[in-house]
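Please read the following report on selected pockets, cavities and strands alongside the sequence and the 3D view.

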Amino acid sequence: MDQRPPAHTPRRAGAAALLLALAVLAPACTAGTGGVEGRPGASGVRDPYFPKLGNGGYDVTHYDLTLDVDPDGQTLRGTVEITARATQDLSSFNLDLAGLTVDSATVEGRPAAVNRAGDELTLRTDAKVEDRLHKGETFRTVVHYSGSPRTITDADDSEEGWLPTDDGALALGEPTGSMAWFPGNHHPSDKASYDLKVTVPKGLTAVSNGVPAGPATTAGDRTTYRWHTAEPMASYLATLAVGRFTTKTSTMAGGITVFTAVDPESAKASARTLARVPEVVAWEAEHFGPYPFSATGAIVEREGDAGYALETQNRPFFPGPPSVGLLVHEMAHQWFGDSVTPETWRDMWLNEGLATYAEWLWEEEKEDTPAQDSFDEAYEDKDNWAFPPADPPTAADISAQPVYGRGAMVIHKIREVVDDDEKFFALLTGWTKAHRHGNASTKDFTSYVEKATGEDLSELWKDWLYGRSRPAADG
């Protein structure tokens with residue numbers, strides 16, 4: 001897009017601290033007690049750019065969040081119930097959480113000890129619970145937490161996490177911001193369903209992903225909203241917008257719920273574009289396969305409340321009235337990024353290159369601008385040649401221009417190889433079907449394309465996807 005220094009330990013306390021650390025991390029195994037021969041889950045999944053992001057040893061299947069938000073003080077009190085499946089025998093496991101205070105935690109209903117090192121929480125339970133954390137078994141963790149959520153500044157200087165707005169707050173998560181407002185396994189490779197119950201001051205609205213799970217309820221001066229996301233979602237795509245919104249609900253073809261929430265200051269300028277949401281979704285479904293979710297729509301804030309749009313699942317976020325082209329881009333992400341989610345952040349070009357190419361296709365079919373013209377313009381832009389799209393040099397580059405423009409050029413080159421639009425769009429719909437609601441890597445994509453086309457495309461990948469220099473335009 002879009003670490004704290006270690007605490008100093010006095011020498012005299014070093015031995016005691018070491019013994020305590022060993023006690024916390026030691027496997028829960030006691031001969032004759034039935035204890036599981038467990039080991040700690042990893043404190044990160046070794047993403048190429050964010051090695052400490054995410055956690056090993058388990059797979060989250062569902063998040064149930066209950067939040068009470070005070071926009072005036074920019075504080076929240078939260079409870080998250082995490083349902084997960086152990087992928088190994090566990091003696092302890094980690095969650096990602098930035099800044100907020102953990103008040104208490106339980107695993108399988110029993111108190112858990114919580115140790116913290118920066119943004120890493122380590123949860124350790126007694127032997128009675130450890131004996132249940134066998135590989136393949138489902139377990140539940142409940143964490144109560146509170147505090148002032150923080151804004152996270154990325155390596156590229158963009159802001160995410162918890163963003164105060166003029167009339168409330170906004171939570172955006174790409175790539176690491178979701179850990180600013182709830183604890184979890186915050187890497188794209190671990191997707192889950194969500195339930196969200198959010199209480200805010202009366203007069204404000206709380207908007208999230210999915211569909212409303214019943215009407216809002218008011219008690220005294222507080223109103224509670226409930227949201228349900230049935231399809232798997234990576235945590236970076238989860239969002240929460242609290243403020244004064246004009247909302248509208250309708251149903252488009254296929255029974256898909258269309259829900260829009262617009263800041264009143266942006267309502268008039270947004271109306272014409274938002275009215276085209278069903279049209280854009282239907283057009284993209286023709287080209288990319290069936291729409292992968294039960295809801296769509298948009299969240300539109302007033303200008304100045306955030307500096308970028310984001311493909312938050314089911315309803316993209318816009319920092320002011322969007323253009324049709326931007327709507328097409330963010331909606332295309334519902335297929336490329338939200339349903340088919342990158343395996344690591346190195347695979348970001350699969351999101352942005354395909355969404356950018358969706359814009360080129362829209363301009364070709366709706367505005368009489370051939371995709372070749374868009375390719376030629378991107379080819380001449382020297383910023384697209386700063387690095388290969390499949391290998392950004394640093395975390396600050398995963399949302400830089402080559403990921404978008406040169407990524408789209410790769411897709412155009414594939415279209416040239418196929419040389420038949422019917423087969424090309426069949427290739428795209430086959431890709432979204434093969435990895436629907438899952439994760440995929442660049443290697444998955446290149447292997448899929450070669451199998452689908454029956455072509456050896458190693459030269460295309462070498463020149464356009466991984467090459468350090470600009471190839472000939474007709475190469």
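The second largest pocket has a volume of about 270 Å³, where a pocket is an open set of points on a 1 Å grid over the protein atoms alone, with protein on both sides within 12 Å along at least five of seven lines, and a volume is the space filled by probe spheres set on the points, which are joined across faces, edges and corners. This is a predicted model, in which local features need pLDDT of at least 70 and side-chain atom pairs count only at pLDDT 80 or more, while totals for chains, interfaces and linings use all residues. Residues are numbered from 1 along each chain as its sequence is written, and side-chain values use heavy atoms, with hydrogens and water left out.

The lining of the second largest pocket is made of 14 residues, with K248, T260, A271, L274 and A275 lying nearest its centre; a lining residue has an atom within 4 Å of a point. Two or more lining residues come from each of strand 19 (246–252), strand 20 (256–262) and helix 3 (264–274), and strand 19 gives the largest share, 5 residues. Helices (H or I, at least four residues) and strands (E, at least two) are DSSP runs, numbered from the N terminus.

The pairing of strand 19 with strand 20 is antiparallel and runs over 7 bridges, two strands being paired if DSSP finds at least two bridges between them; S250 has V258 of strand 20 as its bridge partner.

Two cavities can be set beside the pocket, a cavity being a set of points where a 1.4 Å probe fits but cannot get out.

| Space | Volume | Lining by class |
|---|---|---|
| Second largest pocket | about 270 Å³ | 8 nonpolar, 5 polar and 1 charged residues |
| Largest cavity | about 50 Å³ | 7 nonpolar, 2 polar and 1 charged residues |
| Second largest cavity | about 30 Å³ | 6 nonpolar, 3 polar and no charged residues |

In these classes, Ala, Val, Leu, Ile, Met, Phe, Trp, Tyr, Cys and Pro count as nonpolar, Asp, Glu, Lys and Arg as charged, and the others, Gly among them, as polar. The lining of the largest cavity includes F336, D347 and W431, and at least two of its residues come from each of strand 23 (340–342) and helix 6 (348–366). Among the residues that line the second largest cavity are W181, Y194, S208 and M233.

S208 is also the bridge partner of L240 in strand 18. Strand 18 (residues 240–243) is covered on both faces, with L240 and V242 on one side and A241 and G243 on the other all buried, that is, under 20% relative accessible area with a 1.4 Å probe and protein chains only. Strand 18 pairs in the antiparallel sense with strand 14 (residues 205–208) over 4 bridges and with strand 12 (residues 168–172) over 3 bridges.

Methods: Buried < 20%, exposed > 50% of the residue type's maximum accessible area, 1.4 Å probe, protein only.
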